Amino acid sequence: MTDAGAANGGWSAELAPDDEIWSDGLDDEHTLVDLVNRLLDKGVVIAGEVTISVAGIDLVYLGLNALLTSISTAREHLGRQVGGEARQG
Amino acid sequence: MKRGKGEPVLHLYCVRRSHDAGPAGDLEGIDGAPVRQLFAGSLAAWISEVEVGPPTLDRLRQHERVMRHALRSTTPIPFRYGQRLLGDEEVRHLLEEREADFTSTLEWLGDRVEMGVRITPGEAKESQPRHPSLEPAKLAGEAPGTAYLRARRAALAEAEVARSAAADLLDSLQEWLADLRLPAVQSPGSGPEVAVGLAHLVHRGEVRIYLDRIAELRSARPDLRFVVTGPWAPYSFV
């Protein structure tokens with residue numbers, strides 16, 4: 001499978017569309033951290049080229065702070081569970 | 001044109017080729033809205049109507065479910081979450097304007113998916129407090145300021161050791177996977193722990209090999225914790 005990059009995406013028998021690897025997993029803590037990092041910080045950005053709902057963008061970033069705060073709290077919690085220390089307040 | 005809160009706009013998920021399979025008829029996007037395709041030239045964008053609102057975890061999950069639905073059949077170009085357009089015309093305009101760019105990116109991506117791996121030291125040696133103010137030691141006759149500075153220096157040295165340990169981890173991981181020749185992007189560290197993260201672009205047919213290799217490395221390095229996530233749409237490579 002070294003040339004699996006064919007433009008028409010030939011399926012490998014090793015990773016069919018119904019393979020268990022695609023299972024959701026979106027409740028898993030590690031996956032959620034990666035999810036937030038990717039969705040909010042990666043991916044194609046189109047700002048500046050088209051008209052974007054200004055109100056929408058503002059709200060996204062407002063909401064983002066709240067979300068990231070809760071994620072970082074979750075991380076600290078995770079850190080403690082694995083033997084890390086509580087951070088200083 | 002002024003848009004008020006609660007007025008629907010179009011939420012963008014991803015772009016694929018117009019001849020790729022479309023979303024299942026009952027596929028629900030953010031807030032349960034039906035996902036549809038909008039075509040322009042050789043491209044198709046996956047969109048749904050959405051009411052402007054903050055990105056809750058639920059909404060991020062709903063966005064990602066649509067992305068995975070697309071990813072299962074063909075690798076899409078994922079948009080960053082939270083970009084909304086005001087109508088079909090704007091989406092069409094976007095596709096037309098960036099057609100060459102999107103087309104060559106899709107070609108380059110081929111069938112590959114993104115995998116993520118994060119490594120942190122396992123059982124940390126917690127012999128010393130990390131924060132100087134926790135330092136109980138006060139040497140006889142030493143001024144509190146001096147003790148603080150001494151502890152602070154120790155903490156900085158410790159952080160430096162941690163940074164260099166992280167760099168070493170990154171090197172060993174890359175070395176371990178070198179023969180797979182995967183495009184890699186370093187992902188942001190996660191929290192206060194020493195952690196290194198890498199995103200790799202992996203052919204579908206090699207995902208199992210990739211997972212096996214990480215599993216081997218995991219057995220070889222019981223002192224480390226490995227977290228693998230994916231397959232993701234290629235968020236880190238577009």
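This is a predicted model: local features need pLDDT of at least 70, side-chain atom pairs count only at pLDDT 80 or more; totals for chains, interfaces and linings use all residues.
Colleague: How do you know that the span of helix H1 of chain B agrees with its number of residues?

Modeller: Helix H1 of chain B holds 17 residues (57-73), which at 1.5 Å a residue should span 24 Å, and because its end C-alpha atoms are 25 Å apart, the two values agree.

Colleague: What makes Leu60(B) and Val66(B) count as buried residues of H1(B)?

Modeller: A residue is called buried if 20 or more other C-beta atoms lie within 10 Å of its own, and the residues of H1(B) that are buried include Leu60(B), Val66(B), Met67(B) and Leu71(B).

Colleague: Why is strand E3 of chain B described as largely enclosed by the rest of the structure?

Modeller: Strand E3 (residues 43-51) of chain B is described in this way because 7 of its 9 residues are buried.

Colleague: How are the two domains of chain B placed, and what makes up the side of domain 1 that touches domain 2?

Modeller: Their C-alpha centres lie 28 Å apart, and 7 residues of domain 1 of chain B are in contact with 5 residues of domain 2 of chain B. That side of domain 1 of chain B has 6 nonpolar, 1 polar and no charged residues.

Methods
Residues are numbered from 1 along each chain as its sequence is written. Chains are lettered from A and ligands numbered from 1 in the order in which they are written. Helices (H or I, at least four residues) and strands (E, at least two) are DSSP runs, numbered from the N terminus. The expected span of a helix is 1.5 Å times one less than its number of residues. A residue is buried if 20 or more other C-beta atoms lie within 10 Å of its own, exposed if 12 or fewer, and partly exposed in between; C-beta atoms are placed from the backbone. Domain bounds come from an automatic or database domain assignment. Two residues are in contact if their C-beta atoms, placed from the backbone, lie within 7 Å. Ala, Val, Leu, Ile, Met, Phe, Trp, Tyr, Cys and Pro count as nonpolar, Asp, Glu, Lys and Arg as charged, and the others, Gly among them, as polar.
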